[in-house]
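Okay, thanks for having me. I'd like to walk you through some side-chain pairings and then the helices around them, so let me put the model up.

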Amino acid sequence: MDGKMLARLGAIIFVAIAITATVIEMSRKDEPAPARPAPALQPPADPLRQSLRRCQRMGEAAVSDPDCLATWAENRDRFLRRTPALAAPQPAGEQ
């Protein structure tokens, strides 16, 4: 056998293997993987959010409610990432 004949025989064997693999793959039945239900994500209860909702339901009356004013101040501090001041800074000369 010369080199040309050997190359043709190798090509025919390669094509036969490729066709066989294709037929086997196409005859398979795809079964979907069993779906695992995702765990329900329950965010922790946020008392600030609940208080904000209460103030929202109050409407215009919330403007004069001291609890709502404190809640809004806390929400601003949280949003701006500020730590609430415990006491107002006093000038150096006064004590």
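Let's start with Arg28: it counts as exposed, at 55% relative accessibility, where exposed means over 50% relative accessible area, buried means under 20%, and partly exposed is in between, with a 1.4 Å probe and protein chains only. Before I go on, some housekeeping: this is a predicted model, so local features need pLDDT of at least 70 and side-chain atom pairs count only at pLDDT 80 or more, while totals for chains, interfaces and linings use all residues. Residues are numbered from 1 along each chain as its sequence is written, and side-chain values use heavy atoms, with hydrogens and water left out.

So what does Arg28 pair with in a salt bridge? The partner is Glu25, with 3.4 Å from N to O. By salt bridge I mean a side-chain nitrogen of Lys or Arg within 4 Å of a carboxyl oxygen of Asp or Glu. Glu25 counts as partly exposed, at 47% relative accessibility.

Searching the whole structure turns up 4 salt bridges. Another one of them joins Arg78 and Asp46, whose closest N and O atoms are 3.0 Å apart. Arg78 sits in helix H3, residues 66-80, and Asp46 is in the loop between helix H1 (3-27) and helix H2 (47-58), so this pair ties together parts that are 32 residues apart in sequence. When I say helix, I mean a DSSP run of H or I with at least four residues, numbered from the N terminus. Both ends count as partly exposed: Arg78 has 47% relative accessibility, and Asp46 has 22%.

Then there's Asp77 with Arg82, a salt bridge with 3.0 Å from N to O. Buried or exposed, what is Asp77? Asp77 counts as buried, at 15% relative accessibility, whereas Arg82 counts as partly exposed at 45%.

Now for the covalent link. How many disulfides do we get? The count comes to 1, taking a disulfide as a pair of cysteine sulfur atoms within 2.5 Å. That disulfide joins Cys55 to Cys68, with 2.1 Å from S to S. Cys55 is in helix H2 and Cys68 in helix H3, 13 residues apart, and the pair links distant parts of the chain. If you like handedness, the Cys55 and Cys68 link is left-handed, with -105° about the S-S bond. Cys55 is buried, with a relative accessible area of 2%, and Cys68 is buried too, with 0%.

Let's look at H2 itself. The 12 residues of H2 should span 16 Å at 1.5 Å a residue, and the end C-alpha atoms are 17 Å apart, which agrees; the expected span is 1.5 Å times one less than the number of residues. Which residues of H2 are buried? They are Leu48, Ser51 and Cys55.

Seen from the H3 side, the buried residues are Cys68, Thr71 and Asp77, and what covers them includes H2.

Thr71 is worth a stop here. Thr71 is buried, with a relative accessible area of 8%. Leaving out residues up to four places away in sequence, Thr71 touches Leu48, Ser51 and Leu52, where contact means heavy atoms within 4.5 Å. The side chains of Thr71 and Ser51 also make a polar contact at 2.8 Å. A polar contact here is a pair of N or O atoms within 3.5 Å; within protein, one must be able to donate a hydrogen and the other to accept it, and residues adjacent in sequence count only if both atoms are side-chain atoms.

Last bit: backbone angles. Just after H2, Gly59 takes a positive phi of about 75°. After H3 comes Arg81, with a positive phi near 55°. Most residues other than glycine have a negative phi. Arg81 counts as exposed, at 78% relative accessibility.

Conventions. Helix = DSSP H or I, 4+ residues; strand = E, 2+ residues; numbered from the N terminus.
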